[in-house]
Amino acid sequence: MSRVRFPAPLYSELASTLLDTNDLESCAIAYAHHDAHSDTWIVADAGPVPDDAYESRTCVSAILKPSFLIEVANRSRVTGMAVIAIHTHPASPGHPRFSPIDDAGETELDSYFARRAAPVPHVALVIGTQGCRARSLGNDDEIDVWEVGERLLLHSPMQGVSDQERDDRQVRAFGVPGQRLLRRLHFGVIGAGGTGSLECQQLAHLGATRITVIDHDLVAKTNLNRLVGSIPSDVGQPKVEVAARMIRAINPDATVVPLQADIVDEEVAELISIFDFVLLCTDSHASRAVVNQVAYQYLVPVIDMGVSITVANGSVSHITGRVQMLAPGLPCLTCSGALDGEAIRREMLSPEQRAADPYVQGAGEPQPAVLSINSTVSSLAMTMLLGAVTPVPIKPRYQVYDGIRGRVKEMAVAVQPNCVVCSPVGALAKGPTWHLPVRPTRHNRSDK
C-alpha cells in the first residue's frame, strides 16, 4: 500500500498545533520527496499555514487565499517535491473522513497543482483528534500515514488484519492493536546467517505475515552449528530458502520472499524503501553503511545487531554484542562510530577490482560463532523491536552485551548535528534525491 512517512516528532507536533485552535478547522502544508519505486512520500518539511493565508475559516471549513496557493505551487515546482495538503476535522471522532466539501475543494486543487506544481502525485490529509486519513489528491486511493522515530506509529486506520487464536498469549502482553501491527508490517531481514535466521524464527512465532529475507550466500557445513532451521542436506542451498522454509513451517499464514542477492548492489538496495521495518543481521561494514543511510534517507526504521567473540592465546577474552535502532532522532552508525571506512571500501570492490587492489590480500579469517550468544543478541534486538511497534514500555534503543560478565548496558550516544547521514543537512528525509553508497549494477559500472 502507498504510504506517507513523517520523521518523528513532526507529525505529532503538527497535529497538536493544528487541533489547538478553538475548534476551528486548520490547515498545514507539507513537502515530500516521492519515491516512485515504493510509492512513498518522504516528508522533508511541514508547518501550519499562517493566519493571514486564510480567506475564510470556520469550525467546518477553511479556505486558503489564491496568493498563498501560488506560493505553495511555486515551491513544489522549484524543488520537485510533492505537496501534502493538510486540514483538520476537530469534531470528528476516531479517524476522520473526507467530506463532500473536501471532495469539491480537492478537485479544484488537483487541477491547479497539475498546471502549476511539480509533476508528481500530491496528497490530501485530514487530521482528527484520534488519528488521520490520507488519499491521493483528486481521488479516493487511501494512503497510510506513518511517523518514524524511536517508535513506529501508524496514524491512519489499520485495515486488512485478522486476529489469530495462536497469538493469544502475546495479545495478553501488548494488546490487540500491537499484535495487529506486527501482523501488518512488512519486515525486511537482511542477512540470513547466525543472527538473521534467529530473527526469522522469532518473527514467524510472533505472528509476522510479510517477511522478505535478503542474503547472497549459500549454506556451508560450518554454518550448521548456528543456522537455525538448517539440516545437513541444506549444504549448498541458498540461506534465504532455508529461512523461508522455516518461516512457512512455523506460520503458514506468512508470505515470504527469499531474495538471494547482495544488499550493497544498487538494484537490491533500492528495495529497502518498501519495508516497514528492517532487521540488519550482516557482518559486513559495506552492507551496514548502505542500510544505515536508507534508514534516515527513506525513513525506514532499522535495528542493527552484531556479535563478536575474541580469542587470544587459545582462550576467549571477550564476548560482546551490540543492538542499535536506527531512526530519525536516534544516532546513526556513523555517530556511534560503528563503521570502518576502509572495510567499506574493500567490501564494495568488484572481484576484478579486489584482485587488482594491492591493499587487499587473501581472504578474511573466519570468526568464532556460537548459537547461544547469537540467540542472546537476537532476542535483545527482537525485544527492542517490540518496544518500537507495540505499547510495551521497553525504552532502550542502543544496548551492548558483555557475555563474560553477563551484563547488558544501555548506551547513550549523541546525534552529531551535521552528520552526513542522520541530520537535516545530510541524508535525512532526502529520499531518492540523494545518492546511496551502493555498488552500481554491473551494466552501469566500469570495473577498471
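**View 1. Strand β8, tucked away inside the model.** In this predicted model, strand β8 covers residues 131–136. Look at how much of the strand is covered up: six of its six residues are buried, so β8 is largely enclosed by the rest of the structure. Buried here means under 20% relative accessible area. As a bit of background, side chains in a regular strand alternate between the two faces of the sheet.

**View 2. β8 and its partner β7.** Strand β7 takes in residues 123–128, and it runs antiparallel to β8. How many bridges join the two strands? There are six. To find your way along the pair, pick out Val126, which sits opposite Arg133 in β8.

**View 3. β8 and its partner β9.** Now follow β8 to strand β9, residues 142–148. This pairing is antiparallel too, with two bridges between β8 and β9. Which residue in β9 is the bridge partner of Ala134? That's Ile143.

View 4. Val311, Val316 and Ile404 together make a nonpolar surface patch of about 250 Å². One of them, Val316, belongs to strand β16, which spans residues 315–326. Why is Val316 called partly exposed? Its relative accessibility is 44%, so Val316 falls in that class, which lies between the buried limit of 20% and the exposed limit of 50%.

Notes
Residues are numbered from 1 along each chain as its sequence is written. This is a predicted model: local features need pLDDT of at least 70, side-chain atom pairs count only at pLDDT 80 or more; totals for chains, interfaces and linings use all residues. Side-chain values use heavy atoms; hydrogens and water are left out. Buried means under 20% relative accessible area, exposed over 50%, partly exposed in between (1.4 Å probe, protein chains only). Helices (H or I, at least four residues) and strands (E, at least two) are DSSP runs, numbered from the N terminus. Two strands pair if DSSP finds at least two bridges between them. Patches are made of residues with over 30% relative accessible area and no salt bridge: like charges are joined within 9 Å, nonpolar side chains (Val, Leu, Ile, Met, Phe, Trp, Tyr) within 5 Å. Accessible areas come from the Shrake-Rupley method with a 1.4 Å probe; for residues, only the protein chains shown count as cover. A salt bridge is a side-chain nitrogen of Lys or Arg within 4 Å of a carboxyl oxygen of Asp or Glu.
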